[in-house]
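User: Hi! Could you walk me through this structure, one question at a time?

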Amino acid sequence: MRNPLGARRGLLALAAVAAASAIAVPLGIGSSHREAPNISLDPSADNTDVYAWTAPDAQGAITIASDWIPGQVPANGPNFFRFDDRARYYDYIDNDGDGVQDIGYRFTFDTETRNPNSFLYAGPGTQDFSDPKLNVIQRYDVVREEYNRHGQVVRSRKIGDDLPVAPPNIGPKTFPNYSNFVSQATKTLKDGTKLFVGTRDDPFFVDLGATFDAINVRMGTGNEGAGRDDLSGYWTSSTVLQIPERLVTRNGQPVASPDSPNAVVGVWSTTERRKIDVSESKKGHGYGKWVQVSRLGNPLVNEVVIPLGQKDRFNRTTPDRDAQLYGQYVTNPELARILNALFDVHAPETGRTDIVQALLQGIPGLNQHSGKFAGTPVDTLKLNLGVPASPNPDRFGVIGGDNAGFPNGRRPTDDVVDIELQVIAGILVGNPVPLGDGVDQNDEPFLSHFPYLADPQSGFDSNPGQVVTPPHPPVPAGG
Ligand SMILES: [Ca+2]
Ligand SMILES: [Ca+2]
Ligand SMILES: [Ca+2]
């Protein structure tokens, strides 16, 4: 099996290491491809991706999808991947730009085995959640929290109680109507919030094995397709939320236009564990306070920018301290030096305020917060909710002229690998280099409706890591 571990968290750093070792440049970053050493040993708490966008069919809401647990091989019974009952999973929203959460959604889980004397996850022909043949069922609670300016909880409300998690797609004999089955896992609350939690096709797409080799072979391109989606067919564990704008904005009102003072929100995701926990403990029965063990906002920062010695610390800290703790690594990114050393792309190596602005401060007039915290550098995915969804999304997002995509939020279709490589090379400061990995889209088409992320391939039918993008003519930088 190709190694999908640490998937996109470690993606670019991994690709850089692979490329470096291929031409024997001593970069001194060691043989380990683990991105953040501690969390790579704790995959069930590992954030892999966060998406936040305005869906075309729900323009008065923010849609947030968060994924955990990288590299889930579908054919993996009898104990399939699932959320950890002993962890707490969060989506956070900052609506004034100080990097302190204002709204949070906390997911906790509880797994029941109905018949401990059976080895089967579910019996043949299982139809729905009430079917007694469904032997293992995981349920979740979701609590909506509101915080003061110090991030302390001032209001807490359980909005979902014992809701069913969409099970893994074991195979057609077990779940003959899988799509219908898991559609029951979509819930709409009284306040208009939609929820889905469960197994999905991993929406991230990347040629993990050959990113930089392709650039090496076709210098100046890397943009002609022919890449292999090494994450194709793998599963992920997802939470998808669709929240009416008035429930996330700073003034409790819908967003009237892109210029409205309440238009921009920042999104990130975290995982918490008990400070002292033991494997025998039941849910909530560990000891000690809850501590954050994983954090993810933009799909670039901890992967590429934060050096190995700081990555575990990054996972423990909060966005409001990002500038103080990690600012130097953003302005002088190691990856720019690596790209230059390997491929001579003339990427600026210092003073990269363009990267700080694109990812941490927000782009003025697009996705920068307004008000007294405008331009504060924090690693959140900043989305202007007043920008309408694009009828023709461009996979390059903003650098492709489509302001409804990354880094104005992040849609599942956004090709963040190509975008990030081109941003590091300097497309925002007049150095367009048509870098890419040759994979332009997900292996599975996204759904046009909630929860948008595609059904997972079945364990019976899966053949992960095999989908290859057809070759195509070169695409210039920025698409
Ligand atoms: Ca805030
Ligand atoms: Ca996929
Ligand atoms: Ca790509």
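Analyst: Happy to. A word on terms to begin with: donors are N, O and S atoms within 2.8 Å of the metal, or 3.2 Å for Na, K and Ca, and sites may look incomplete because water is not among the atoms. Please keep in mind that this is a predicted model.

User: Thanks! Which residues coordinate the calcium ion (ligand 3)?

Analyst: The donor atoms sit at 2.3 to 2.5 Å from the ion. Along the sequence, the donor residues are spaced D-x2-D-x18-D-x1-V.

User: How many residues apart are Asp-415 and Val-439, and where do they lie?

Analyst: Asp-415 lies in the loop between strand S13 (381-384) and helix H9 (416-425), while Val-439 lies in the loop between H9 and strand S14 (467-468). Both Asp-415 and Val-439 are buried. The pair links distant parts of the chain, and the separation is 24 residues.

User: What is the geometry of the site of the calcium ion (ligand 1)?

Analyst: The ion is coordinated by Asp-94, Asp-96, Asp-98, Val-100 and Asp-102, at 2.3 to 3.0 Å. These donors follow the spacing D-x1-D-x1-D-x1-V-x1-D. Six donors count as octahedral only if opposite donors are over 155 degrees apart and all others between 65 and 115. With angles of 46 to 165° among the six donor atoms, the site is irregular.

User: Is Asp-94 buried or exposed?

Analyst: The cut-off for buried is under 20% relative accessible area. Asp-94 has 0% relative accessibility, so Asp-94 counts as buried.

User: What kinds of residues line the largest pocket?

Analyst: The pocket holds about 290 Å³ of space. Its lining has 15 residues, and Trp-53, Pro-56, Pro-393, Arg-411 and Thr-413 lie nearest the centre. By class, the lining is 10 nonpolar, four polar and one charged.

User: Which strands are the edges of the open sheet?

Analyst: Five strands make up this sheet, in the order S1-S2-S10-S8-S7, with antiparallel pairing. An edge strand pairs on one side only, and that applies to strand S1 (47-53) and strand S7 (187-188). The edges are S1 and S7.

User: Which residue stands opposite Lys-187?

Analyst: S7 pairs with strand S8 (residues 194-201) in the antiparallel sense, over two bridges. The residue of S8 that stands opposite Lys-187 is Leu-195.

How values were computed: Residues are numbered from 1 along each chain as its sequence is written. Chains are lettered from A and ligands numbered from 1 in the order in which they are written. This is a predicted model: local features need pLDDT of at least 70, side-chain atom pairs count only at pLDDT 80 or more; totals for chains, interfaces and linings use all residues. Side-chain values use heavy atoms; hydrogens and water are left out. Helices (H or I, at least four residues) and strands (E, at least two) are DSSP runs, numbered from the N terminus. Buried means under 20% relative accessible area, exposed over 50%, partly exposed in between (1.4 Å probe, protein chains only). Four donors count as tetrahedral if all angles lie between 85 and 135 degrees; four count as square planar and six as octahedral if opposite donors are over 155 degrees apart and all others between 65 and 115; anything else is irregular. On a 1 Å grid over the protein atoms alone, a cavity is a set of points where a 1.4 Å probe fits but cannot get out, and a pocket is an open set with protein on both sides within 12 Å along at least five of seven lines; lining residues have an atom within 4 Å of a point. Grid points are joined across faces, edges and corners, and a volume is the space filled by probe spheres set on the points. Ala, Val, Leu, Ile, Met, Phe, Trp, Tyr, Cys and Pro count as nonpolar, Asp, Glu, Lys and Arg as charged, and the others, Gly among them, as polar. Two strands pair if DSSP finds at least two bridges between them.
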